Amino acid sequence: YGTPSYAQVSWGESKVKGCTTLFDCRKDINAIYIKNTKNEDVAKSRKEYNFDKNEYSYVRLFSHDDVLKVFKNAFTENRILQLAKANDHITIFVRVDENAEIINVSFALENNTTVVPSEIEVLENRLLHIMKFEIIGKKVFEPIYYSIAFRVYFSEVEKGEIRMARNLERLKAPNESLDAQ
């Protein structure tokens with residue numbers, strides 16, 4: 001993937017290229033929102049699961065350790081330390097279908113981040129191949145998607161415990177016993 005430049009990256013463009021991936025970027029006062037231009041627009045063919053109308057159904061992260069491994073493989077140890085020192089973080093948005101398969105992943109970064117497009121490209125590819133979910137609660141058999149978001153601080157990656165990923169792994173359905181899983 002080459003050596004990225006960690007200087008302030010111009011995420012202000014509407015399209016930014018990693019090594020092989022083109023990303024759509026939208027910047028606002030608080031963050032930079034990034035998604036692969038190849039991401040399927042799931043709203044066209046599926047409905048978002050409605051928690052207010054339906055019996056409880058959600059997705060649980062299969063393994064916190066897989067997410068941690070993705071970050072430790074996508075970023076060098078020195079890079080993780082550098083990003084941790086800068087208090088940098090990435091918010092990951094995942095859309096998962098009724099079969100617990102990932103439909104797409106997108107990201108939000110702080111405006112002053114030094115994370116570069118090639119790093120997001122590697123992170124996205126590894127998340128799509130390694131991160132897994134499972135349906136908890138009522139199973140749904142129509143084309144829907146669940147929206148999940150969690151934030152990963154590089155200081156947590158450095159320490160080996162990503163709080164929000166661990167919480168997603170420990171998520172329980174209302175009828176699930178605490179020692180189930």
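These are my notebook entries on one predicted protein model.

**Entry 1: ground rules**

I number residues from 1 along each chain as its sequence is written, and side-chain values use heavy atoms, with hydrogens and water left out. Since the model is predicted, I ask for pLDDT of at least 70 for local features and 80 or more for side-chain atom pairs, while totals for chains, interfaces and linings use all residues.

**Entry 2: the whole protein**

I started with the inventory: five helices and nine strands. Here helices (H or I, at least four residues) and strands (E, at least two) are DSSP runs, numbered from the N terminus. Along the sequence I read the pattern β-β-β-β-β-α-α-β-β-α-β-β-α-α. The radius of gyration is 17 Å, close to the 16 Å from the globule rule for 181 residues, so the protein is as compact as a globular protein of that length. That radius is taken over C-alpha atoms, and the rule is 2.2 Å times the number of residues to the power 0.38.

I then looked up the box that the C-alpha atoms fill, and along the principal axes it is roughly 50 × 35 × 30 Å. The accessible surface comes to about 9,900 Å², and 48% of that belongs to carbon and sulfur atoms. These areas come from the Shrake-Rupley method with a 1.4 Å probe, and for residues only the protein chains shown count as cover. Of the 181 residues, 46% count as buried. Buried means under 20% relative accessible area, exposed means over 50%, and partly exposed lies in between (1.4 Å probe, protein chains only).

I also checked contacts, meaning heavy atoms within 4.5 Å. Among contacts between residues at least 6 apart in sequence, 72% join residues at least 24 apart.

In what order do the strands of the open sheet lie? I found seven strands in the order 1-2-3-7-6-9-4, with mixed pairing. The edges are strand 1 (15-17) and strand 4 (47-48), each pairing on one side only. Two strands pair if DSSP finds at least two bridges between them. A reminder to myself: strands of a sheet pair through backbone hydrogen bonds, either parallel or antiparallel.

I walked through some of the pairs:

- Strand 2 and strand 3 run antiparallel and are joined by five bridges. A hairpin of three residues links the two strands, and Lys27 stands opposite Ile32 in strand 3.
- Strand 3 and strand 7 also run antiparallel, with five bridges. Ile34 has Phe107 of strand 7 as its bridge partner.
- Strand 4 pairs with strand 9 (residues 144-153) in the parallel sense over two bridges. Glu48 has Tyr145 of strand 9 as its bridge partner.

**Entry 3: a helix across the sheet**

Helix 3 (residues 117-130) lies across strand 1, strand 2 (22-27), strand 3 (31-36), strand 6 (89-97) and strand 7 (102-110). The helix runs at about 145° to strand 7. For such angles, axes are lines fitted to C-alpha atoms, for helices over the stretch in contact, and the angles run from 0 to 180 degrees between N-to-C directions.

Which residues does Leu128 touch, leaving aside its neighbours within four places in sequence? Leu128 is in contact with Ile102 and Val105. Leu128 and Val105 are 23 residues apart in sequence, and their C-alpha atoms are 7.6 Å apart. Leu128 counts as partly exposed, at 34% relative accessibility.

**Entry 4: cysteines**

I searched the whole structure for disulfides, meaning pairs of cysteine sulfur atoms within 2.5 Å, and found zero. Cys25 is buried at 11% relative accessible area, whereas Cys19 is partly exposed at 31%.

**Entry 5: loops**

Is Ile29 buried or exposed? Ile29, in the loop between strand 2 and strand 3, is exposed at 78%.

Ala100 sits in the loop between strand 6 and strand 7 and is buried at 12%. Ile29 and Ala100 are 71 residues apart along the chain, with 33 Å between their C-alpha atoms.

Most residues other than glycine have a negative phi. I noted a positive phi near 70° for Ala100 and another near 55° for Asn87. Asn87 lies in the loop between helix 2 (77-85) and strand 6, partly exposed at 47%.
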